[in-house]
Amino acid sequence: MRRYGYQGHALIEALHTAQEAFGYLDDFTLRYIARQLRLPYSKVYGVATFYNYFTLKPQGAHVCVVCLGTACYIKGSPELVSALESAYKVKAGSTTADNALSLLVARCVGSCALAPVAVLDGEVIGKATPAVLLERVQQRLGAAQPAEVAS
Amino acid sequence: MNFEELTQLAERERAAQHAMPFQIHVCAGTGCHAAGSEMVAKALEGEVARSTLKGKVLVKCVGCRGLCASGPIVEVEQQQPNAEPASVLYAHVRPEDAPEVVRSIGGEPVERLFLDTNQPFFTRQLKIVLEDCGKIDPERIEDYIARGGYRALFKVLDEMTPSEVIDEITHSGLRGRGGAGFPTGLKWATVAKANPQRYPTYVPPGVQSQKFVICNGDEGDPGAFMDRSVMEGDPHRVLEGMIIAGYAVGANQGYIYVRAEYPLAVKRLRTAIRQAQRVGLLGNNIAGTAFSFNIDIRLGAGAFVCGEETALIASIEGGRGLPRPRPPYPAEYGLWGCPTLINNVETLANIAPIINRGAAWFASIGTAKSKGTKVFALTGQVKNTGLIEVPMGITLREIVFDIGGGIPNGRKFKAVQTGGPSGGCIPEQYLDTPVDYESLTALGSIMGSGGLIVMDDSTDMVEVARFFMEFCMEESCGKCIPCRAGTAQIHHILTKFQTGRATMRDLRLLEELCDVVKHASLCGLGQSAPNPVLSTLRYFRHEYEAKLRSDGYAYGHANGAAEEALSHVQ
């Protein structure tokens, strides 16, 4: 924030930085940013909820993002989502009760040539099938708690 | 840095590269990166260091080669005196293949991994925007300069006035590559002429410019990755285009708006900006002239509507990405109330070649009204998925069946979707249409930013329309009612079709609603949102009709007469 001289137009940059540091944006963070940039809290909250990239809820220990872009969609990514949903009893866009896995959907991760694509903890799995994906997720969940949880 | 120093740097870099008789290029685009190209590059480097060729082989990571389906792609280049280097392409290279590849250098290529460059995928393309993509290391400015980079900038600064630059762009016939196809030269001229004092401005302190150049890198279309590949593979080309644009319109500050979902592109652009500043090609008094230009990066945050220019400006100003009515156009009243030039990444990447080789050369490529080339992201049910660049006027059939290699698994072609959620589906009988702005609009689709998604006969067109409408519904910013409420209602009706509850009345209502949303919406998102529905209705109406309710309420395909009678009653 200091880099932009505490000006209002630095809001989105500030939110990006905060989300990178904490993994999500809680109420305290939003209020702090609003105070520092001298913006109404309503505006900060409005911007944070307008953009899909910002999340106000904490994420699970592992994050699996399934791409639902056009190319992935016609190559069968909805099956990936429903396979994960039924296997881990989690709705797309939310986190399992034990905070182990967050299942998210994305509009396009830009790897359309590898469709359908899933991103598991930052690692891209191209040409995924439900069986392969479930196996990889199980591997992650079975492994000890990873070091970089926040990423 | 002046022109002499640039030439010297280029000579030095070229000499250094010629000292290495062999070069290995490993693709580090997102597609190949996901397939593990980083490990391959490490393995190759290690292998070279152990072999007898140590010191003669240069391993470098380059931008996207296009054929993402066969990644990771590795190219082995052999320098030849007085000729273009001879090269061999390998596909699907794994780290354990490294010893074999290194052993083959200078001898016979590895048969097992060999990728034939004589197939139509390579021969039918014409590369202008992507000419250096896949040849240079995107993280080294020296490599770009060695291939003639930033020469156009010096030509502009030393020999041309701003109005001469604009004339050159106008004569080239270049049109905006973001989708709408607005003539670039005209846009530049409008911004150059605009008076910054005409509207009240609210430029924040610390920003010193009265006009702005914005590079639109908010590639929100699902299924499109052209701009990402250019920004990742050849970032300096975009910077050079922006600096020239700044000089032509009289701006001193530029912004690149990139999606936060493209971390690699952001990283490489940041590196490129730092390098350009270090050698004095960006910043105050560029190349010793009075012209100053700075570039900053602004991150998007996942909103499709921010690709619309007024919404993009609102987002750069730090607010919600809501569009506003035009006019006044951003060319007169844009960022912080100042005249602002907004161009797409691909448009700006075309600038340097036009200046270097002249407007007449560029105008000789393409069709009467659409000049130059277009980059497409070819995806979906097609054999060769990846990034292609073709001259305007090529037919869709050539793209899908020659370059794309046709439909895999023995299935039949059904439709090709252009322009993402704003475009339409084009069926088989129109495949011989030449690709240019007007022809695609006439078919009810648009050129769009360049996503081409091929669908085979297993695809349900109503489901495709519903998918796009769901996308538009969620991405609608909610400012104007036709778009906010209209897209939700269209989606509701399409869901009725999918659950077998739709009647003939729904079909008529659907058409009416599409018409309203198309003509009454505020910005491009709403105006083009019904396109997927309208085009599928136009070419695949029978699929909608087949899904009508089969009881007394519906009058399906067979009951044409009864249907006609009912329409009079209602």
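This is a predicted model: local features need pLDDT of at least 70, side-chain atom pairs count only at pLDDT 80 or more; totals for chains, interfaces and linings use all residues.

**The contact between the chains**

Chain B contributes 35 residues to the contact and chain A contributes 32 residues. On the side of chain B that touches chain A, α2 (30-34), β10 (373-380) and β14 each supply at least two residues. Sorted by class, that side of chain B holds 16 nonpolar, 15 polar and four charged residues.

**Chain A**

Chain A contains six helices and five strands. Read from the N terminus, the elements follow the order α-α-α-β-α-α-β-β-β-β-α. The domain assignment divides chain A into domain 1, residues 2-50, and domain 2, residues 62-142. The centres of domain 1 of chain A and domain 2 of chain A, taken over C-alpha atoms, are separated by 29 Å.

Two totals describe the packing of chain A. Of its 151 residues, 37% count as buried. Among the contacts in chain A between residues at least 6 apart in sequence, 58% join residues that are at least 24 apart.

**Chain B: domains and strands**

For chain B the domain assignment gives domain 1 (19-119), domain 2 (149-361), domain 3 (373-454) and domain 4 (461-569). Between the centres of domain 1 of chain B and domain 4 of chain B, again taken over C-alpha atoms, the separation is 50 Å.

Strands of a sheet pair through backbone hydrogen bonds, in either a parallel or an antiparallel sense. Both senses occur around strand β1 of chain B. Strand β1 (residues 22-27) runs antiparallel to strand β3 (residues 74-80) of chain B, and five bridges join the two. Within this pairing, B:Phe22 stands opposite B:Gln78 of β3(B). To strand β2 (residues 57-62) of chain B, β1(B) is joined by six bridges, and these two strands run parallel. Here B:Val26 has B:Cys61 in β2(B) as its bridge partner.

Another set of strands in chain B forms an open sheet of five, in the order β11-β10-β14-β12-β13, with mixed pairing. Strands β11 (386-391) and β13 (425-427) of chain B stand at its edges; each has a single partner strand, so one side of each is left without a neighbour in the sheet. From one strand to the next, the twist averages 30 degrees. Inside this order, strand β12 (residues 413-418) and strand β14 (residues 451-456) of chain B pair in the antiparallel sense over five bridges. B:Val416 has B:Val454 in β14(B) as its bridge partner.

**A loop residue in chain B**

Where does B:Gly334 lie? Its place is in the loop of chain B between α13 (309-316) and β9 (340-344). Is B:Gly334 buried or exposed? With 26 other C-beta atoms within 10 Å, B:Gly334 counts as buried, because the cut-off is 20 or more.

Leaving aside residues up to four places away in sequence, B:Gly334 touches B:Phe212, B:Ile313, B:Pro339 and B:Thr340. B:Glu511, by contrast, is 177 residues from B:Gly334 in sequence, and the two are 35 Å apart in space, C-alpha to C-alpha.

Terms used. Residues are numbered from 1 along each chain as its sequence is written. Chains are lettered from A and ligands numbered from 1 in the order in which they are written. Helices (H or I, at least four residues) and strands (E, at least two) are DSSP runs, numbered from the N terminus. A residue is buried if 20 or more other C-beta atoms lie within 10 Å of its own, exposed if 12 or fewer, and partly exposed in between; C-beta atoms are placed from the backbone. Two residues are in contact if their C-beta atoms, placed from the backbone, lie within 7 Å. Domain bounds come from an automatic or database domain assignment. Two strands pair if DSSP finds at least two bridges between them. Axes are lines fitted to C-alpha atoms, for helices over the stretch in contact, and angles run from 0 to 180 degrees between N-to-C directions. Ala, Val, Leu, Ile, Met, Phe, Trp, Tyr, Cys and Pro count as nonpolar, Asp, Glu, Lys and Arg as charged, and the others, Gly among them, as polar.
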